[in-house]
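Hello,

Here is the structure I promised to pass on to you. Have a look at it first, and then read on for my notes.

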Amino acid sequence: MKSKYAWIMDSLAKTSFSTKARAMRHFLIGKKEYLRRKKTRADMDSVIKCALCPNMCKFDCPVLAAEKNDAMSPSGKTRIAYFIETDRLNSQDAIELMYKCAGCDACMQWCPFDFSVGDILKGVREDIAGMSLAPPRIIKIKENLEKNHTIHERKYDKSTDGKGDVLYFMGCEVSSERGEIADSMTKIFEGAGEKYVLLKDEWCCASPFINLGFTDEFKKFAEHNVKAIEESGCRTMVCSCPTCTYVFRHIYPQFGFEIKARVMHTSEYLLRLMENKKMAKAIEKECVYHDPCALIRKLGLEEEPRKIAKRAGMKIKETYFNRKDTKCCGMGCSLGSTNPDIASKMADARLEELKKQSDCIVTACPTCNTTFRKGGVEVYDISEIVLKAWEKA
Ligand code: SF4
Ligand code: SF4
């Protein structure tokens with residue numbers, strides 16, 4: 001990708017000083033004139049800048065690509081957000097639009113302001129919830145999570161007694177759909193001689209609450225989780241889900257919840273282990289790697305999963321949209337629950353692209369894993385790869 005600032009720098013260089021001064025004057029007057037002074041949870045400065053931008057990022061937004069509706073572009077959404085936030089609009093369609101985002105940060109790769117529209121919209125949704133305008137199905141998602149403590153029904157029934165050095169936080173997707181990932185991780189911990197803990201009643205990291213604007217509920221879950229993590233006695237906490245890792249590492253502290261243990265994604269923990277143990281080239285086949293959005297764009301973990309797969313003998317093929325240019329599997333930011341039709345179109349588009357490279361996909365996110373499996377391909381989580389390489393050594 002060309003430097004993301006190049007297009008704006010080129011056009012600024014060609015613009016005369018008087019035009020720039022006039023534009024700036026209009027912007028400042030417009031900002032004063034049209035922004036009503038009202039206390040909002042949303043960052044209105046960002047909402048306005050994005051709403052007024054030339055919108056270069058829209059070509060990369062997977063929601064816009066799936067729905068082919070310009071209102072769903074990043075700035076399409078912030079324009080409507082601006083009208084909601086200034087009490088000019090509260091139609092059902094406008095409110096619904098605020099939930100049509102995967103929080104994937106593809107827009108951020110192009111944005112001259114480095115905006116994450118996904119993050120901007122979280123504040124807008126918080127205001128929507130505060131104005132009691134959240135759609136009933138969004139309230140239902142919140143109520144279900146409050147009641148069940150996990151996004152899906154927990155099917156994984158293994159847990160441990162007592163305290164340990166390493167806490168494995170499997171996350172809602174593993175506990176419901178991808179139990180084999182938890183099995184791989186526990187076998188790896190046992191092989192490594194780690195005293196590990198699996199919580200009996202693991203609660204969701206609470207990312208859906210923060211995604212959908214329910215801060216009080218987020219805080220309640222965060223308080224519970226911090227206590228459970230502390231009681232486990234762990235010094236390291238390993239998460240399979242990139243979103244859990246990001247939320248524990250970066251969002252909890254923003255709300256005053258500090259986790260004393262070191263929070264690691266499995267790709268970080270497993271690569272370190274691989275470097276210290278003898279591993280065999282157990283899976284000598286060609287596979288394509290899918291970068292999960294939260295892992296690459298929120299945590300910056302690019303090489304770790306690739307190195308793990310290569311050390312286990314895999315030949316990793318790359319797609320055109322790889323690394324920071326990855327495409328979301330559709331399940332980001334609770335989109336799979338709030339807008340399953342859009343999420344499913346995004347999953348199909350990404351899967352079609354990956355399948356051009358290989359019918360064997362490696363990923364490092366349990367949710368991407370489940371999504372791609374529905375497309376009838378072979379999918380490996382990095383934990384399964386490490387276990388095979390270790391068992392064969
Ligand atoms: S996200 Fe950035 S590039 Fe995209 S419309 Fe908003 S301000 Fe412009
Ligand atoms: S975060 Fe992703 S889905 Fe949301 S507006 Fe940006 S590119 Fe589109």
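**What I found**

S207 is buried, because its relative accessible area is 9% and the cut-off for buried is under 20%. Please keep in mind from here on that this is a predicted model. S207 belongs to helix α11, which covers residues 207-212. Leaving out residues up to four places away in sequence, S207 touches T243 and V247.

Next, the sheet. Four strands make it up, in the order β2-β1-β3-β4, and it is an open sheet with parallel pairing. The edges are taken by β2 (196-197) and β4 (262-265), each of which has a single partner strand, so one side of each has no neighbour in the sheet. Strand β1 (residues 166-169) runs parallel to β2 and is joined to β2 by two bridges. If you want a place to look at this pairing, V166 stands opposite Y196 in β2. Helix α14 (residues 266-276) lies across β3 (236-239) and β4, and the helix runs at about 85° to β4.

Now to the ligands, which may be of interest for your own work. Which residues surround ligand 1? They are C50, C53, N55, C57, S75, C111, P112, F113, F115 and V117. Sorted by class, the shell around ligand 1 holds eight nonpolar residues, two polar ones and no charged ones.

Ligand 2 is surrounded by 14 residues, and the closest are C61, C101, A102, C104 and C107. Helices α4 (62-67), α5 (74-85) and α7 are the elements that give two or more residues to this shell. By class, the shell around ligand 2 has 10 nonpolar, two polar and two charged residues.

C104 sits in the loop between α6 (92-97) and α7 (117-130). Is C104 buried or exposed? With a relative accessibility of 9%, C104 counts as buried, because the cut-off is under 20%. Apart from neighbours within four places in sequence, C104 is in contact with P62, C293, R297 and C328. C104 and A294 are 190 residues apart in sequence, yet their C-alpha atoms are 7.1 Å apart in space.

Best wishes

Definitions and conventions:
Residues are numbered from 1 along each chain as its sequence is written. Chains are lettered from A and ligands numbered from 1 in the order in which they are written. This is a predicted model: local features need pLDDT of at least 70, side-chain atom pairs count only at pLDDT 80 or more; totals for chains, interfaces and linings use all residues. Side-chain values use heavy atoms; hydrogens and water are left out. Buried means under 20% relative accessible area, exposed over 50%, partly exposed in between (1.4 Å probe, protein chains only). Contact means heavy atoms within 4.5 Å. A residue is near a molecule or strand if one of its heavy atoms lies within 4 Å of it. Ala, Val, Leu, Ile, Met, Phe, Trp, Tyr, Cys and Pro count as nonpolar, Asp, Glu, Lys and Arg as charged, and the others, Gly among them, as polar. Two strands pair if DSSP finds at least two bridges between them. Axes are lines fitted to C-alpha atoms, for helices over the stretch in contact, and angles run from 0 to 180 degrees between N-to-C directions.
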